[in-house]
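Thanks for coming. I have one structure to go through today, so let me put it on the screen.

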Amino acid sequence: QVQLAESGGGLVQAGDSLSISCAVSGRTLSGYAMAWFRQPPGKEREFVAAFSRTGSYTYYRDSVKGRFTISRDKDKSTLYLQMNSLKPEDAAIYYCAAGSGVITSEIKNQRAYASWGQGTQVTVSS
């Protein structure tokens, strides 16, 4: 079983940058798709960014393309989300997720991911 733990959230101003992390333990991530989702206040959880199972491809929500970058370290034990030019609408609880057997057509579907972290709060003031 994969355990995930997010960290690095906080309060920033619009236009600022912030990097959040997800520490992975329990097993190797080889063969797992890894993703970031977020839940804005009063809204449903939504897809933000993801790595494919092979790690060869990345996917982004349209509204964060060019501003957010998903990455991971060489031993695949930590997932990152670098967020630049933050906007008030980026404020949310950010969750990392892991899933084995996630195919490309499901990469943005939260139901495809079996393991979730507890979330980290990102607040963006205008």
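Are Cys22 and Cys96 buried or exposed? Both of them are buried. Before I go further, note that this is a predicted model.

I will stay with those cysteines. They are joined in a disulfide, with an S to S distance of 2.0 Å, and the structure holds one disulfide. Cys22 lies in strand β3 and Cys96 in strand β9, so the bond ties together parts that are 74 residues apart in sequence. The torsion about the S-S bond of Cys22 and Cys96 is about 50°, so this disulfide is right-handed.

Strand β3 belongs to an open sheet of four strands, in the order β1-β3-β8-β7, with antiparallel pairing. At the edges are β1, residues 3-7, and β7, residues 68-72, each of which pairs on one side only. On average, neighbouring strands here are turned by 15° against each other, ignoring direction.

Take the pairings of β3 in turn. With β1 there are five bridges in the antiparallel sense, and Glu6 has Cys22 as its bridge partner in β3. With β8, residues 78-83, strand β3, residues 18-25, forms six bridges, again antiparallel. On that side the partner of Cys22 is Leu79.

As a reminder, in a regular strand the side chains alternate between the two faces of the sheet.

Next, the packing. Which residues of the largest nonpolar core touch the most other members? They are Trp36, Leu81, Met83 and Tyr94, out of 28 residues in that core. At least two core residues come from each of β3, β4, β5 (46-51), β7, β8, β9 (92-100) and β11 (120-125). Another core lies apart from this one; it has eleven residues, including Ala35, Phe47, Ile107 and Tyr113.

The side chain of Arg38 makes a polar contact with the side chain of Tyr94, at 3.0 Å.

Ser85 is in the loop between β8 and β9. Ser85 is not a glycine, yet its phi is positive, about 50°. With 40% relative accessibility, Ser85 is classed as partly exposed.

The other one is Thr104, in the loop between β9 and β10, the latter being residues 115-116. Thr104 is exposed, at 55% relative accessible area. The C-alpha atoms of Thr104 and Asp90 are 25 Å apart, and the two residues are 14 residues apart along the chain.

To recap, the disulfide joins Cys22 to Cys96, and both are buried. Tyr94 is among the core residues with the most contacts to other members, and its side chain has a polar contact with that of Arg38. I will take questions now.

Key:
Residues are numbered from 1 along each chain as its sequence is written. This is a predicted model: local features need pLDDT of at least 70, side-chain atom pairs count only at pLDDT 80 or more; totals for chains, interfaces and linings use all residues. Side-chain values use heavy atoms; hydrogens and water are left out. Two strands pair if DSSP finds at least two bridges between them. Axes are lines fitted to C-alpha atoms, for helices over the stretch in contact, and angles run from 0 to 180 degrees between N-to-C directions. A polar contact is a pair of N or O atoms within 3.5 Å; within protein, one must be able to donate a hydrogen and the other to accept it, and residues adjacent in sequence count only if both atoms are side-chain atoms. A nonpolar core is a set of buried Ala, Val, Leu, Ile, Met, Phe, Trp, Tyr and Cys residues joined through side-chain atoms within 4.5 Å. Buried means under 20% relative accessible area, exposed over 50%, partly exposed in between (1.4 Å probe, protein chains only). A disulfide is a pair of cysteine sulfur atoms within 2.5 Å.
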